[in-house]
Amino acid sequence: MDQLPYVYILKCRDDTYYTGYTVEVDRRLQEHQNGLASKYTRGRTPVELVYVEELPTKSAALQRERELKRLTRANKQKVIESARQSQ
């Protein structure tokens, strides 16, 4: 059975955001925390998971990841805050 894909946003120690894609959010977060997931987050740990969105296909997830990466910091914060309010 295929796992559903997710896009996620991490808040790094230096108050920057990192956006990524995965099918296993917990494993990927642990990889970021351990400095194994990306060069960007390696020197910015600890990181905090601030946004997760499940998508129906890998293609949709990669498209959404690109959309989120193009957003300004202020707009990313709006997406994060909107998701928190809907929980």
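A residue counts as buried when its relative accessible area is under 20%, as exposed when it is over 50%, and as partly exposed in between (1.4 Å probe, protein chains only). Helices (H or I, at least four residues) and strands (E, at least two) are DSSP runs, numbered from the N terminus.

The model is predicted: local features need pLDDT of at least 70, side-chain atom pairs count only at pLDDT 80 or more, and totals for chains, interfaces and linings use all residues. Residues are numbered from 1 along each chain as its sequence is written, and side-chain values use heavy atoms, with hydrogens and water left out.

**Exercise 1. Find which residues of helix 4 are buried and where they lie around the axis.**

Step 1. Start with the span: helix 4 (residues 73-85) has 13 residues and reaches 18 Å from its first C-alpha to its last, close to the expected 18 Å. The expected span is 1.5 Å times one less than the number of residues.

Step 2. Pick out the buried residues of helix 4: K76, V79, I80 and A83. They cover an arc of only 95 degrees around the axis, which puts them on the same side of helix 4. The arc is taken over the directions from the helix axis to the C-beta atoms.

Step 3. Finally, look for the partners: the buried residues of helix 4 pack against strand 1, strand 2, strand 3 and helix 3. Contact means heavy atoms within 4.5 Å.

**Exercise 2. Work out what covers the buried residues of helix 3.**

Step 1. Helix 3 (residues 58-70) packs on the sheet, and in this helix A61, R64, E65 and L68 are buried. Seen down the axis, the buried residues of helix 3 fall within an arc of 105 degrees, so they line one face.

Step 2. Their cover includes strand 1, strand 2, strand 3 and helix 4.

Step 3. As a check, view the face turned away from the buried side of helix 3: it carries the exposed residues S59 and R70.

**Exercise 3. Describe the order and pairing of the strands in the sheet.**

Step 1. Three strands make an open sheet in the order 2-1-3, with antiparallel pairing. Two strands pair if DSSP finds at least two bridges between them.

Step 2. Strand 2 (17-22) and strand 3 (48-54) are at the edges with a single partner strand each, so one side of each has no neighbour in the sheet.

Step 3. Follow strand 1 (residues 6-11), which pairs with strand 2 over six bridges. Y6 stands opposite T22 in strand 2, and the bridge partner of V7 there is Y21.

Step 4. Strands 1 and 2 form a hairpin with five residues between them, and D15 in the turn has a positive phi of about 70 degrees.

Step 5. Five of the six residues of strand 2 are buried, so this strand is largely enclosed by the rest of the structure.

**Exercise 4. Is L10 buried or exposed, and what does it touch?**

Step 1. Locate L10 in strand 1.

Step 2. L10 counts as buried because its relative accessibility is 0%.

Step 3. Leaving aside neighbours within four places in sequence, L10 is in contact with residues including Y17, L29, H32 and V50.

Key:
Axes are lines fitted to C-alpha atoms, for helices over the stretch in contact, and angles run from 0 to 180 degrees between N-to-C directions.
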